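Look over the sequence and the structure first.

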Amino acid sequence: MSDQTPLGPMELLALDELLGDEDKDIRDTVRRFCDDRVRPHVATWFEDGRLPIRDLALELGELGLLGMHLEGYGCAGTSATAYGLACHELEAADSGVRSLVSVQGSLAMFAIHRFGSEEQKLQWLPEMAAGRAIGCFGLTEPDFGSNPAGMRTIAKRDGGDWILNGTKMWITNGSVADVAVVWAQTDDRVRGFLVPARIKGFSTSEITRKMSLRASVTSELVLDNVRLPAEAILPGAAGLSGPLNCLNEARYGIVFGAPGAARECLDTAIDYAINRPVFDRPLAGFQLTQAKLANMAVELDKAMLLALRLGSLKDAGRITPYQISVGKLNNVRESLAIARECRTILAANGVTLEYPVIRHANNLESVLTYEGTSEIHQLTVGQALTGIGAFK
Ligand code: TGC
Ligand code: FAD
């Protein structure tokens with residue numbers, strides 16, 4: 001076959017034909033936003049270990065991206081597929097920016113939307129959709145990550161009030177949040193509470209020295225005899241299914257998001273390989289390089305097919321937790337493998353922040369771990385296949 005005009009890796013299977021016009025419009029809008037507002041700065045944010053969350057949240061709110069797949073209360077009410085595509089574009093820019101949107105919309109806002117009282121919804125959702133209020137989601141503890149059932153944070157009744165004590169760890173947006181959704185053991189199973197950040201006894205500290213998701217705020221939350229009124233409890237959630245239902249939403253976003261990071265790496269690697277001469281020829285003209293590129297493009301397109309299938313199932317109201325586990329397990333694992341392989345194509349240049357590849361590879365290490373580790377999703381799929389739970 002003779003030389004021809006190169007196709008983008010996502011053009012191989014003409015996946016655009018599977019998208020509706022509104023989905024494509026939303027995707028293109030988010031891509032432009034990332035080109036204008038994130039890509040020019042994100043390497044510096046990553047290097048400096050910071051993210052301008054307040055500014056970004058207002059802009060993301062203006063675009064209607066916060067809680068975008070929720071209905072009412074100032075939320076855009078888009079399809080799940082459109083929400084996934086937005087996550088894909090955000091994560092192509094940086095996983096930290098997608099995390100900001102996931103935690104705000106899929107964890108904190110979803111918890112209030114699904115399990116909150118009408119008063120809680122009216123108080124928080126419009127402000128959060130606009131990006132004027134930031135939320136976080138406190139489930140993980142220092143000693144209980146994969147096994148949140150063991151959590152030690154406790155909420156006890158004191159007259160009509162609740163008193164909360166405990167520590168939450170690794171909480172995205174924790175130190176900047178105006179409201180924390182905190183999950184705690186009570187006499188009546190695990191319950192969720194809305195903790196306003198300025199309340200007495202509540203403090204946060206930022207976790208530093210991360211080598212991954214540096215353009216994201218990750219914090220410890222400490223609850224030291226925090227007194228909350230009775231109305232602070234989320235009335236609709238009792239038991240671990242409450243937080244796990246929220247995780248389904250955020251995990252779904254990651255199914256689309258992680259391949260966004262991989263796409264950015266592969267685009268970069270293809271461009272680099274075409275323009276980098278080695279042994280007097282373009283690196284892209286060597287068979288070993290083409291084998292790498294072909295294998296990565298195949299995995300990336302398969303990942304997007306899987307994401308779009310899950311999008312259809314979610315839009316039809318038929319998605320199940322184990323299906324989300326299939327997507328989170330495969331798409332994060334393969335995206336991380338793609339990012340690492342792309343790094344080899346850039347070689348020495350691949351280890352610098354001049355290119356997005358090492359940043360994405362490092363970020364994806366966190367994505368592999370949070371929202372359920374790969375092992376937890378393997379066990380979920382294993383349970384679906386065998387009917388036998390092997391978690392304990
Ligand atoms: P198990 O006994 O199986 O179930 C307890 C109750 O929960 C229900 N359930 C689910 N409900 C909805 N969705 C799911 N995916 C569910 N999985 C289980 C179950 O039916 C039961 O309900 P009920 O009514 O009978 O009480 O629970 P288990 O203790 O054996 O644990 C199961 C396991 C290990 C799968 C679960 O604990 C788990 O998923 N662990 C991983 C924890 C995790 O993902 N943490 C993430 C923290 S948040 C985060 O990482 C945010 S990162 C954000 C970012 O920056 O993007
Ligand atoms: P552990 O649970 O201690 O797991 C250690 C290892 O053991 C892992 O490899 C795990 O897969 C394996 N393992 C555990 N159980 C089993 C088993 N039954 N069988 C086989 N292997 C097993 N949490 C929140 O609540 N809110 C947030 O906003 C949030 N943001 C985060 C942001 C970042 C950057 C990071 C890194 C984490 C964040 N997390 C958040 C926490 C995240 O969800 C946890 O790190 C994750 O659930 C794993 O918990 P752990 O780190 O305690 O690992």
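Helix axes here are lines fitted to C-alpha atoms over the stretch in contact, and the angle between two of them runs from 0 to 180 degrees between N-to-C directions. The model is predicted. Its chain has a mean pLDDT of 97, with 99% of residues at 70 or more. The scores are ipTM 0.99 and pTM 0.98.

**Helix packing**

- Helix H4 spans residues 80-93 and helix H5 spans residues 95-115.
- The two pack at an angle of about 140 degrees, and their axes lie 5 Å apart.
- H4 is therefore oblique to H5, since angles count as roughly antiparallel only over 145 degrees.
- On the H4 side, the contact is made by Cys 87, Leu 90, Glu 91 and Ala 93.
- These meet Ser 95, Val 97, Arg 98, Val 101 and Ser 102 of H5.
- By class, the H4 contact with H5 holds 5 nonpolar, 2 polar and 2 charged residues.

**Ligand site**

- Ligand 1 is surrounded by 26 residues.
- The closest are Ser 99, Thr 172, Pro 321, Tyr 370 and Gly 372.
- H5, helix H7 (241-275) and helix H11 (374-386) are the elements that each give two or more residues to this shell.
- H7 gives the most, with 6 residues.
- The shell around ligand 1 divides into 13 nonpolar, 12 polar and 1 charged residue.

Terms used: Residues are numbered from 1 along each chain as its sequence is written. Chains are lettered from A and ligands numbered from 1 in the order in which they are written. This is a predicted model: local features need pLDDT of at least 70, side-chain atom pairs count only at pLDDT 80 or more; totals for chains, interfaces and linings use all residues. Helices (H or I, at least four residues) and strands (E, at least two) are DSSP runs, numbered from the N terminus. Angles under 35 degrees count as roughly parallel, over 145 as roughly antiparallel, 65 to 115 as roughly perpendicular and the rest as oblique. Two residues are in contact if their C-beta atoms, placed from the backbone, lie within 7 Å. Ala, Val, Leu, Ile, Met, Phe, Trp, Tyr, Cys and Pro count as nonpolar, Asp, Glu, Lys and Arg as charged, and the others, Gly among them, as polar. A residue is near a molecule or strand if its C-beta atom, placed from the backbone, lies within 6 Å of it. pLDDT is the predictor's confidence in each residue, from 0 to 100.
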